[in-house]
Amino acid sequence: MKFANTTVPQEVQKENSPQLSKRQIWNKVFKGVCFTATAFSIAMLLILLVRIVTQGAGFLDWGLLTNFASRNAEDAGLLAALAGTIWLMLVTAPVSFILGVGTAVYLEEYAPRNKFTNLLQTNISNLAGVPSVVFGLLGLTIFNRLMGMGASVIAGGLTLSLLVLPIIVVASREAISAVPTDVKHASYAMGATKWQTIFRIVVPTALPGVLTGTILALSRAIGETAPILVLGALTYVASTPSNLFSNFTAMPVQIYNWTGRPQQEFQDIAAAGIIILLLMLLVMNSIAVFIRSKFQKRF
Amino acid sequence: MLLSLHLGNYLLRGCAEMEDRSKLSISERIEQRTKGSGSSSFMEKLMPIVFFICALISVLTTVGIVFTLLFETITFFSNVPFADFFASVEWYPFFSDPQYGIWPLVNGTLMIAGIAMLVAVPFGLGAAIYLSEYASEKVRKTVKPVLEVLAGIPTIVYGFFALTFVTPILRSIIPGMDIYNALSPGIIVGVMIIPMIASLSEDAMSSVPNSIRQGAFALGATRMEVTVKVVMPAALSGIIASFVLGISRAIGETMIVTVAGGASPTMTLDPTGAVQTMTAYIVQATQGDAGFGTPIYYSIYAVGMTLFVFTLAMNLLAHYISRRFREDY
Amino acid sequence: MQTKHENRSVEDNSINAEEKAPLAYNVEQLNLWYADNHALQDISMKIPEKSVTAIIGPSGCGKSTFIKTLNRMTEMNPIVKTNGSIKYRENEIFAKNFSVEYLRTKVGMVFQNPNPFPKSIYDNVTYGPKIHGIKDKKTLDEIVERSLKKAAIWDETKDRLKENAFGLSGGQQQRLCIARCLAIEPDIILMDEPTSALDPISTLKIEELVQELKKDYTIVIVTHNMQQAARISDSTAFFLNGVIVEHDQTDKIFSSPEKKETEDYISGRFG
């Protein structure tokens with residue numbers, strides 16, 4: 001029936017053609033609906049960005065970056081939050097990088113094929129699906145209370161490290177498994193040991209992919225609010241952290257605090273704070289994209 | 001012993017190479033090194049252990065989460081009867097006569113997740129179909145990063161957007177709507193999940209081999225017919241799995257509902273009123289003055305445990321679906 | 001069964017002419033399995049030093065597997081099992097206390113596809129010396145120049161040593177791989193179809209290089225190209241279905257082979 005065949009009698013073709021065009025109309029409608037769905041997502045992103053920029057741009061000034069939080073919206077600034085976020089990243093970046101790459105190297109290069117390795121892999125993919133607020137409870141119990149770190153920079157940084165660990169592991173494994181076997185064999189064939197091959201060939205070759213994954217993981221960590229709040233991070237801090245065991249607040253926590261206030265002015269500087277946060281994310285993502293394109297697959 | 005063997009063997013090889021001083025020096029130096037390589041064999045033994053410990057941390061994280069939740073939940077149930085938690089439909093932990101019935105929080109959580117899925121499924125799936133079946137390579141390459149950006153926006157930003165932009169608009173449309181309500185954060189949680197459903201479903205549909213599509217096209221089917229009757233059924237397990245993962249994300253989402261959903265744990269199906277989700281309660285309770293050791297303190301673990309079980313079940317279900325019903329092409 | 005038995009009793013005639021020449025390798029009763037697939041069966045072969053030994057045979061005959069057994073690269077594949085004996089200059093390479101790293105510093109390998117490291121030309125050549133503890137810049141510089149010269153690629157690369165090796169052409173990359181191998185001054189060089197991915201001119205350059213290197217090194221080369229084997233090797237072994245059918249002086253193999261299979265193969269009747 002649907003065959004476009006020359007042997008089909010004229011009448012059948014005539015009968016068929018209106019049906020065909022009806023089906024083609026449906027196809028067009030369907031395509032339009034799907035296109036609209038795609039456009040909706042992009043439109044939402046645009047509306048969100050435009051809204052936040054128009055609301056917050058007027059409140060961007062140096063004071064926002066150099067002042068501490070304040071009861072008065074005009075004097076309120078992000079200094080403590082900005083410093084707190086940087087301190088957090090100073091903990092999270094190395095910890096999650098080392099743990100993530102180490103795990104990936106183990107799984108790709110050392111792990112035997114057994115049940116425990118399967119368990120490791122399943123565990124990591126399940127960990128990726130655990131709500132971030134639950135990581136907050138883990139941090140609160142283990143780091144804050146059990147280890148006595150309190151609601152400190154190090155407790156927050158470690159909590160975020162565990163939260164983003166699966167992202168780095170997945171990205172690093174992908175990058176490591178993309179290192180050609182041939183190149184590894186060339187190293188072994190020169191009498192290199194396994195560790196020498198991993199350290200001098202595998203990891204350097206996989207590094208662009210690993211770094212890209214790490215930066216994306218950190219940009220996730222920078223925006224996380226719930227785990228830090230639950231851990232006990234303060235929402236009102238008038239100093240920058242001085243060491244790993246200082247109390248801290250972070251950018252998203254400060255934004256949350258301002259959002260929750262009834263006064264319109266605080267919501268406006270919350271918008272300004274969001275602009276700064278999004279700019280930080282933009283910079284990090286640009287670096288990731290740059291690394292990815294600069295060192296794009298050479299194999 | 002081995003070393004002397006090498007050395008003896010080396011000498012046996014005759015004088016020809018001995019004359020070539022420079023050559024001998026390099027291979028000799030290497031040989032000496034290979035013999036006395038105590039440090040390198042130490043690294044050889046040490047590094048696998050170091051990497052294994054790194055890998056073990058992720059297991060310890062899971063163990064830590066489970067035990068933390070389990071222990072504190074058990075403590076909670078030593079104060080609050082098990083039956084109250086599951087049978088009572090009132091959640092008033094801050095009252096002088098506290099009530100710990102989990103259902104209002106579950107109700108709030110599921111309502112938000114339900115609204116979110118009403119938004120995310122049609123738009124996410126539509127985008128997936130468009131990108132996988134209709135869009136040119138160029139469009140795909142432009143749109144996918146945009147969706148990634150959407151997925152990368154911190155949830156606190158979405159929460160702010162829901163409270164200060166979406167809610168006022170909804171209130172002007174629906175009279176009598178509360179400032180804090182389920183609808184606004186529900187919609188925005190849905191928007192947040194769109195990229196995830198779009199990308200996972202698109203992966204599932206893109207991996208349907210072209211030969212199957214071409215078979216249907218050869219029969220004169222339109223692209224819509226191919227998509228709906230051939231591609232989607234073939235990719236169904238992946239699509240369903242993406243929905244389930246979406247629900248899991250919606251259930252675990254915290255900041256959007258904390259900021260815009262309110263703090264009123266009520267058994268209601270009215271999306272215009274304030275609700276409280278499990279996640280929002282955890283934030284609320286940890287922000288308050290709930291001292292360590294009080295029933296309120298332990299209640300966050302009981303709620304956290306419930307939340308963890310919900311999301312874990314969803315994740316395992318998604319895993320099962322995509323495994324069990326994976327098509328082998 | 002008959003033929004198999006016959007194969008096993010093949011006499012190794014290849015080195016009769018120069019009986020006195022010291023052996024680089026003495027392989028005896030080597031068997032190798034990929035899981036249940038018996039890929040090498042009772043291989044016995046003597047490889048004299050400072051000569052070129054070619055290994056020919058149709059694809060899947062085990063010639064690549066054999067050459068990779070000589071530096072124990074087959075162990076990279078966990079399903080591989082071996083037994084039998086390979087003596088590298090009197091040392092049993094399968095012995096428990098024999099260091100595989102030592103073996104591989106003595107036995108260099110050139111692979112089928114050029115596989116330089118994603119590093120600079122300079123770093124490619126110095127990789128071997130560096131991992132074996134040679135660190136001073138002056139020595140490394142000398143090694144780089146000497147190795148690249150020996151591999152006949154110095155003129156093309158001396159002005160771009162710091163550039164990435166991937167910028168070189170396929171043939172240049174392969175010669176760089178040879179230079180990389182020469183940098184640690186091995187005793188033996190194994191070549192696994194080193195020209196199969198190259199154009200005729202690059203192939204010619206590699207063949208000339210092999211002739212040159214033979215003065216200082218023992219070379220074992222696997223090739224699917226019979227003309228190549230005839231051109232460059234001193235002795236040739238013909239592999240078929242995991243056994244050595246014949247191993248003899250190259251001119252003998254190509255002019256008057258003893259076995260019918262050999263004759264069929266070299267006259268192009270199969271493979």
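A term before the numbers: pLDDT is the predictor's confidence in each residue, on a scale from 0 to 100. I need it because this is a predicted model, and the score is given for each residue.

Chain C has an average pLDDT of 88, with 92% of its residues scoring at least 70. For chain A the mean is 89, and 92% of its residues reach 70 or more. For the complex, the predictor reports an ipTM of 0.89 and a pTM of 0.87.

Another one in chain A is residues 11-15, where pLDDT is under 50 and the model has two contacts beyond four places in sequence. Among the elements of chain A, helix 2, residues 62-66, has the lowest mean pLDDT at 82, while helix 6 has the highest at 96.

Next, chain A and its record. An unreviewed UniProt entry places "domain: ABC transmembrane type-1" at residues 82-288 of chain A. In the model that span is 77% helix and 0% strand, and its end C-alpha atoms lie 21 Å apart. UniProt, also in an unreviewed entry, annotates "transmembrane region" over residues 29-53, 86-107, 119-143, 149-171 and 269-291 of chain A. I looked at two of these. Residues 29-53 of chain A are 100% helix and 0% strand, with end C-alpha atoms 35 Å apart. Residues 86-107 of chain A are likewise 100% helix and 0% strand, and there the end C-alpha atoms lie 31 Å apart.

On to chain C. Here the unreviewed UniProt entry gives "domain: ABC transporter" for residues 25-266. That span comes out as 38% helix and 27% strand, with its end C-alpha atoms 26 Å apart.

I will describe two sheets in chain C.

One is an open sheet of four strands in chain C, ordered 2-1-4-5, with antiparallel pairing. Its edge strands are strand 2 (37-48) and strand 5 (91-92) of chain C, each pairing on one side only. Inside the sheet, strand 1 (residues 23-34) and strand 4 (residues 80-88) of chain C run antiparallel and are joined by eight bridges. If you want a place to look, C:Tyr25 stands opposite C:Tyr88 in strand 4 of chain C.

The other is an open sheet of six strands in chain C, in the order 6-7-8-3-9-10, and its pairing is mixed. Why do strand 6 and strand 10 (243-249) of chain C each have one side without a neighbour in the sheet? They stand at the edges with a single partner strand each, so one side of each is left without a neighbour. Neighbouring strands of this sheet are turned by 15° against each other on average, direction ignored. Strand 3 (residues 52-56) and strand 8 (residues 218-222) of chain C pair in the parallel sense over four bridges. C:Ile55 stands opposite C:Val222 in strand 8 of chain C.

What lies across these strands? Helix 2 (residues 63-70) of chain C lies across strand 1, strand 2 and strand 4 of chain C, at about 120° to strand 1. Helix 2 of chain C also lies across strand 3, strand 6, strand 7, strand 8 and strand 9 of chain C, running at about 155° to strand 7. Helix 7 of chain C lies across strand 6 and strand 7 of chain C, at about 170° to strand 6.

Last, the spaces. The second largest pocket has a volume of about 740 Å³. Its lining has 23 residues, and A:Glu108, A:Glu109, A:Ala111, C:Met76 and C:Pro78 lie nearest its centre. Helix 3 (79-110), helix 4 (115-127), helix 6 (153-177) and helix 7 (181-188) of chain A each give two or more residues to that lining.

The largest cavity holds about 60 Å³ of space. Its lining includes A:Ala186, A:Met190, C:Met109 and C:Arg180. Helix 7 of chain C gives the largest share of that lining, three residues.

Terms used: Residues numbered from 1 in each chain as written. Chains lettered and ligands numbered in written order. Predicted model: local features only at pLDDT ≥ 70, side-chain atom pairs only at ≥ 80, totals over all residues. Heavy atoms only, no water. Pairing = 2+ DSSP bridges. Contact = heavy atoms within 4.5 Å. Axes fitted to C-alpha atoms, helices over the stretch in contact; angles between N-to-C directions. UniProt positions renumbered as here; feature names shortened; annotations may be inferred. 1 Å grid on protein atoms, 1.4 Å probe; cavity = no way out; pocket = protein on both sides within 12 Å on 5 of 7 lines; lining within 4 Å. Points joined across faces, edges and corners; volume = space filled by probe spheres on them.
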